[in-house]
Amino acid sequence: MPNSNIEVQAVYIKIQQLSFTIINIYSPTGCFTSDWLNCLINQISSPYIIVGDFNIKHPALGASHTSQSSEVFLNWILENNLNLINTCIPKHLTSSSSSLLDLSIVSSDIYPYITFSVLSDPYGSDHLPIQIFFNTKKSSFIVKRKTNWVEIQNHLHQHKISEHEFQSYNDFESFCKNTIFSFSSSYKVHSQANAPWWNSQCSFLLGQKRKYLRLARTYLSRPFWIQYKKFSARLNNLISKRQRQYWNNTCENAGYSGKIYKIIRAIYNRNHHPIENTYFIKISNALISDPNTQANLFASHYEQNPIEEFIPFDLSSNEDNYYNNSFSVDEIDYVLQKTPNTSPGRDGITANFIKNLPTSFKSTLLSIYNEIWSTGEIPSEWQIAKILPILKPGRDSKNIQSYRPISLTSVVCKIFERLILNRFINAGIHRKFHPHHAGFLPQKDCNYIHSLVHHKIIQAKNDKKYFILIKLDIASAYDSVWRDGLIYKILQLGIKGNAAKWLHNFIQHRKFYVFWRNSDSTMRSSYRGIPQGSVLSGFLFTTYMMDIFEAIHHKTECFIYADDILLCCSASNLSSALKYMQFSLNKISQWCDTWKLNIQTEKCEAINFSNFKQMPSSHLKLYDQNIPWTSNIKILGLIFSANLSFKQHFLHLKKATIKRLNALKAIAANSWGTRTTHLLQIVNATIRSKLEYGCHVFITSSKSEILTIEILYRTALRFATGLPKWTPIPILLKEAGQISLSLRIRMLAERFFLKNLSLGEISPLFHYLRPLTSRLRLRKPVPLSIRLSEQINKLGMDINFLIPPHPPLQKQEKIRFYLDTLPFQTKTYSNSIVKTLFNEYKNLYWKYKIIIATDASKSNENCSIASKNFTTGVTKAGSVSNYNSIFTNEALAILIAINNLINDNQHYVLLSDSLSVLKALQCSNIHSESVIKLLGHEIYKIIGNIQSIEFVWTPGHAGITENEYVDSLARKAPSSLISQWISHEDLLLSMQNNIQEEAKNEWKNSKYYHEFSFLSDNRSQLQIFPSSRKDDVLISRFRTKTYPTSAKLFRFRLASTSFCTLCKVEETLDHLLFQCQRFELQRNFFHAEMGCLPLSFSWIFDFSLHSKKQVFAILKFLRQIHDNL
């Protein structure tokens, strides 16, 4: 070891088959060098645990400042795939503060088996003791249930519904429960099962393999050896297949919150806390162990007292609104596509079961839904919630308040709630809320609030005004809602008729019970709050909060996201700002008292964003308690500093990302783990999404600040690809198939603001972005509107022609769609048959109707559309914007026909060969493309002046006269613009393509391009070959020439010499592959298998990676080199 004042002790421990190393380090000054740390890591082998007093201080470790070598130490942890398991709990206590000086570091291969805790008793020391548990054995069984969905589908298709079989919802529910139970079976799985892709077939083949191996060794018989080889090969192939399927399915949902940690726990069967701790619940210094008693204690804890105040309602109104109409099959199909397969309620009916119902059963379910909707009678099962207490992370398992109640309700009810919510959104009820009210509303997410607040701050700074902001938090917001008050506000919102009656019955008379350790509590009544786990909960709570804007002072502004309230004020002097804020705080407290809510003053914070350095001397008060001032405030996951710098946010990201990097290391460290392609998907879903959150705001930060998170992303990519730290950044990004995080941040920010620009008056941001010329005199931060303006000007387009927002097309009796029901709409027919059937149908049914045909054409030089009325002979043709896609152009062709070719009160038939456009128009909703909603709006305007209109899909290029004519008309259309509309979705795609082109140019202009031009953006061609994580890493290091040869290691001071021990020349990758005498024999075999003479690096990559045989030959040769070095 290099000379230093650091004390090191190491102990090697071996217990039966388990062996590991424990290293204790004490550094009096906290000074570490890269040479010392690298020398330490090179002398120990996994697994190991490193503990000690490092005296390192860094904001990521809870310190207020950075010590001299802290960056070196933290980078050493990241570069060597180490896992820092304590990052938040202070271990060193002083009279004035506490800090994190004692660190615990483990190798990646044992991280999933490690649990960590800090004792509260220091035993006379100023350091708190640390407990590290290393658990590798568990002996319990898990009961699982498997449902055969194929047999259920066959059974349902064969079942014929009798006339009086389902007279009520209870009959339908009983049938579903019995069907699921009949085709389900339970089985036990050992908790120490192998990998998560392991199944019973794998266990059977493994048993047969071991059986014949034992027989072969006992009797030395050739047939037994043959059987052993046979089952061994079958087992290997099955494991490879199951492993590939598992990771493909897992990575599809890797973007969900916490998914990566579920993957880790599934692989290692790891629990966060010992099971025996949950056997006891402490109440009044008594330990309760009986499961049934514990379940009732939980139920009593969650039960609330009723509010003895009632409001009389008149729910007899039967207004004929759109949302009160009966539901249709199309609506159920759309909702089922959006319904995830979440845990079922007490009835056990899952979303997968409903999705697999045949058409006849869906029609029955639709009839039941419409009956419930018209009568307002709620099935009793829909009003019962099954509550599961889940321990909060890091909490005491014996304390009943440490558990979060998770409510499971009927999935059939959730589907119905989604139908209602979809109706409300399509009816435009969400537009009645205040523009600053966000959360659970279309186009109003966290980014929306961030942008509004950020703009207000910049505007106040520019005008040299004081800007005060207070964050308020409502205690148990969803569970404290006064239900009569909620119904009152629903009526105030304008919701009446069936909807108001059903919502009233839905939230009243609810019950719940607690399921705990296989025991149920008694049934309890719920008197207040919004149903937890309900699809409508977010919308209902937003409705409950909607009138708080009326309570505040007119010179203060309020921003609300769910239960988070932001109150702000901009004024020319501090006293006025504080006066207005105090007035609004008093009004908000009165509002909360009226509507039975309570604000947690201990979680409230105030911040001064002004340019003036002075801190307000007086405090704002709420409930006679001072609201503390702070210099950094967290707003919906984004940390704003008083000087509008995001440095603290980036430091927080660095600290928060360490845990995700640890989880990534645990997956990447195993030879049997996931492939590189899957790891890259997990990195993008869990780490990149965390780093780029809020980028539309912090994009105004300096390049050096953004570089902080860029380095974290590159580190994650290195773990995923297995490339060492000396890999050049352009090569790393190219091998991973990613663009730099700074380019992606710019792309996402431009996408966000352009989307809000296209919303027009609906978005309050529209007034701040338009006319895209900044009135701000600040040099920093530069508003993104200026950058967006430059980008749009570069594209050469006018934003005045962005398609404005419109409501979706609602179903009308005069509008009919024929997409696959007519005789000629069969894709398997030949063109001559299609043409004949079309002409026969036209002469038979459309003889007295006006036929209109539309088409579009797109080439590299021009985009054009054409429409013709074949009754009057009027044609319309011309060019459109080149930025529009063919989908948008086809829709614009129909739009031109609607506006110009339909004039009389007649029956119309509109022909189009774009099936995607007609389907989108038929299923138009709030989430449809902007051009589809524009088209629907124009159809709605003319529908009152015509008899009817039929939209008919015709197969393209099938010889149909009308189609062929408008197709040729579109190709020969004049260059003059017939429509200047531009879809913002297509414009976003163009801007994204520009970013991708910019990334390609950066790669081509780098000094590595000519040497590594063979690197591909897509790794899928290597993914198809059966291999392992180790082989992926070998291939990547081979492709990028970053294999750890002596020359590479010596360059980074990780080896004593750069020369080959045998050849006495510099040991490079080319030397090992083509010259080194140690591998002459292996090279000859490799030569023969590759079939080329002579071998060269470029030849291998130009021709070999498309052949399975040659890829395996490369891997075999690389393994031999790796094993002998």
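At what angle do the axes of helix H23 (residues 741–758) and helix H31 (residues 984–1005) cross? In this predicted model, the two axes come within 10 Å and cross at roughly 165 degrees. H23 and H31 are therefore roughly antiparallel to each other, and their crossing is right-handed. On the H23 side, the contact is made by Leu 743, Arg 746, Met 747, Glu 750, Arg 751, Leu 754, Lys 755 and Ser 758. These meet His 984, Leu 987, Leu 988, Met 991, Gln 992, Ile 995, Glu 998, Ala 999 and Glu 1002 in H31. By residue type, the contact of H23 with H31 divides into 8 nonpolar, 3 polar and 6 charged residues.

H23 also packs with helix H13 (residues 446–462), at an angle of about 85 degrees and with the axes 12 Å apart. That angle makes H13 roughly perpendicular to H23. Here Asn 447, Tyr 448 and Ser 451 of H13 meet Phe 752, Phe 753 and Asn 756 of H23. The residues of this contact divide into 3 nonpolar and 3 polar, with no charged residue among them.

The protein chain has 1125 residues, of which 51% count as buried, and its secondary structure comes to 38 helices and 33 strands. Among contacts in the chain with a separation of 6 or more, 72% are accounted for by residues 24 or more positions apart.

With the cut-off for burial set at under 20% relative accessible area, Phe 433 counts as buried because its relative accessibility is 4%. Phe 433 and Met 546 are 113 residues apart in sequence, yet their C-alpha atoms are 6.5 Å apart in space. Leaving aside neighbours within four places in sequence, Phe 433 is in contact with Leu 441, Lys 444, Leu 493, Phe 539, Thr 542, Thr 543 and Met 546.

Turning to the strands, 6 of them form an open sheet with mixed pairing, in the order S28-S33-S32-S29-S30-S31. Strand S28 (815–818) and strand S31 (875–880) stand at the edges with a single partner strand each, so one side of each is left without a neighbour in the sheet. On average, neighbouring strands of this sheet are turned by 15 degrees against each other, direction ignored. Within the sheet, strand S29 (residues 850–858) and strand S32 (residues 907–912) run parallel and are joined by 5 bridges. Thr 854 stands opposite Ser 912 in S32. Helix H30 (residues 961–971) lies across S29, strand S30 (863–869), S31 and S32, and runs at about 40 degrees to S29.

The buried residues include the charged-type names Arg 1029, Asp 1031, Asp 1032 and Arg 1039. H33 is followed by Lys 1041, whose phi is positive, near 55 degrees.

Key: Residues numbered from 1 in each chain as written. Predicted model: local features only at pLDDT ≥ 70, side-chain atom pairs only at ≥ 80, totals over all residues. Heavy atoms only, no water. Axes fitted to C-alpha atoms, helices over the stretch in contact; angles between N-to-C directions. Helix = DSSP H or I, 4+ residues; strand = E, 2+ residues; numbered from the N terminus. Parallel < 35°, antiparallel > 145°, perpendicular 65-115°, else oblique. Left-handed = near helix turned anticlockwise from the far one by under 90°. Contact = heavy atoms within 4.5 Å. Pairing = 2+ DSSP bridges. Buried < 20%, exposed > 50% of the residue type's maximum accessible area, 1.4 Å probe, protein only.
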